[in-house]
Amino acid sequence: MESRSAGLRQYYVGVSTLEAKLTTLVELLQALRVDTRLALAVACSSRDAVDAVVYALASCSGFNIAVLHADLEMHEVEQQLLQIKRRLQPPPANSEAQGAVDEVSRVSQQHEQQQHQHVGLTAAAPSQQPTTQESAGTAAAAGQAAGSAAALAPIAASAAGGGPAAACDDGRSLVLVASDVCLRGLPRELLPVGLPLLIQYDLPASKDVLSRRIGAVFGSSKERGRRAGRQVVIDFVAAGEVAAFRARERLSSAPVMEMPVHVPDIFT
């Protein structure tokens with residue numbers, strides 16, 4: 001039986017405590033931003049984890065942050081996904097590539113027309129909890145993602161044409177932070193998101209959760225096979241999560257390797 005993780009390169013990062021996960025995540029993303037400036041997704045099991053990750057990244061420079069959580073309305077979720085897909089469109093090199101870009105634009109226009117009919121031209125801001133710093137960070141990042149058209153410059157593919165999606169024109173990396181509850185309800189016509197890297201900040205609680213994360217970010221094994229470049233999954237594992245990690249390993253058909261010292265080597 002084929003696993004949804006087949007064909008992926010998988011790594012893990014060990015941290016001493018749960019509290020150290022956030023610091024290690026920020027350091028990892030900063031290392032990737034300096035060397036590759038790629039676009040990626042961070043999967044979290046709870047809204048609290050989403051808020052913590054977003055707040056930490058919003059406090060750093062160099063990241064364009066998109067946020068998906070269960071408190072968003074569906075039209076807000078769709079708008080976030082459409083913006084991400086626009087940013088990921090590479091410059092068309094031939095007529096076939098232009099056709100793919102046109103298809104994304106067509107789907108985007110259809111969803112925008114539906115949104116205008118039902119909710120008007122202005123989307124509501126994501127919900128926030130002003131009593132916590134984390135929720136304030138989420139609101140700030142969501143506002144950034146829904147900003148002016150100047151902030152929505154497309155992300156170019158790597159110079160080789162097959163590498164990971166790169167950063168925006170201003171040099172910042174795109175980071176999608178999403179909760180499992182929100183991933184469960186994403187519209188199928190806007191999937192997969194098409195990012196080259198998935199970081200599992202929280203280990204998946206079941207095979208269904210793992211499959212949903214991989215499917216939302218990378219697509220099916222057939223869809224992954226049609227895309228150039230590597231697709232990578234990184235698991236964060238705290239000292240008290242070893243048993244859960246071993247269970248997660250058994251869900252994959254490929255080994256989960258230790259993270260290399262030189263982080264960008266995961267794409268070579």
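Analyst: Let's begin with a definition: the expected span of a helix is 1.5 Å times one less than its number of residues. Helices (H or I, at least four residues) and strands (E, at least two) are DSSP runs, numbered from the N terminus. Bear in mind that this is a predicted model, where local features need pLDDT of at least 70 and side-chain atom pairs count only at pLDDT 80 or more, while totals for chains, interfaces and linings use all residues. Residues are numbered from 1 along each chain as its sequence is written, and side-chain values use heavy atoms, with hydrogens and water left out.

User: How do you know that the length of H2 agrees with what its twelve residues should span?

Analyst: At 1.5 Å a residue, the twelve residues of H2 should span 16 Å, and the end C-alpha atoms are 16 Å apart, so the two agree.

User: What makes H2 count as largely enclosed?

Analyst: Buried means under 20% relative accessible area, exposed means over 50%, and partly exposed is in between (1.4 Å probe, protein chains only). Nine of the twelve residues of H2 are buried, so the rest of the structure largely encloses this helix. Among them are Ala 49, Val 50, Val 53 and Leu 57.

User: Why does Arg 47 count as buried?

Analyst: Because its relative accessibility is 17%, and the cut-off is under 20%. Asp 51 is buried too, with a relative accessible area of 2%. Asp 71, at 41%, is partly exposed.

User: What makes Arg 47 and Asp 51 a salt bridge?

Analyst: A salt bridge is a side-chain nitrogen of Lys or Arg within 4 Å of a carboxyl oxygen of Asp or Glu. For Arg 47 and Asp 51 the N to O distance is 2.9 Å, so the pair meets that definition. The two are four residues apart in helix H2, which means about one helical turn separates them.

User: And what makes Arg 47 and Asp 71 a salt bridge?

Analyst: Their closest N and O atoms are 2.4 Å apart. Arg 47 lies in helix H2 and Asp 71 in the loop between S3 and helix H3 (74-88), so this pair ties together parts 24 residues apart in sequence.

User: Which other salt bridge links distant parts of the chain, and how far apart are its atoms?

Analyst: Asp 235 with Arg 248, with the closest N and O atoms 2.2 Å apart. Asp 235 is in strand S6 and Arg 248 in helix H9 (residues 242-249), 13 residues apart. Both are buried. As for Arg 47, Asp 51 and Asp 71, salt bridges with shared partners join them into one network.

User: Why is S3 called largely enclosed?

Analyst: Six of its six residues are buried, so the rest of the structure largely encloses S3. Phe 63, Ile 65 and Val 67 point one way, with Asn 64, Ala 66 and Leu 68 pointing the other.

User: How do you know that S3 pairs with S4?

Analyst: Two strands pair if DSSP finds at least two bridges between them. Six bridges join S3 to S4, and the strands run parallel. Val 67 stands opposite Val 177 in S4.

User: What is meant by the largest nonpolar core here?

Analyst: A nonpolar core is a set of buried Ala, Val, Leu, Ile, Met, Phe, Trp, Tyr and Cys residues joined through side-chain atoms within 4.5 Å. The largest has 34 residues, and those with the most contacts inside it include Leu 29, Leu 57 and Val 177. H2 supplies the largest share, six residues.
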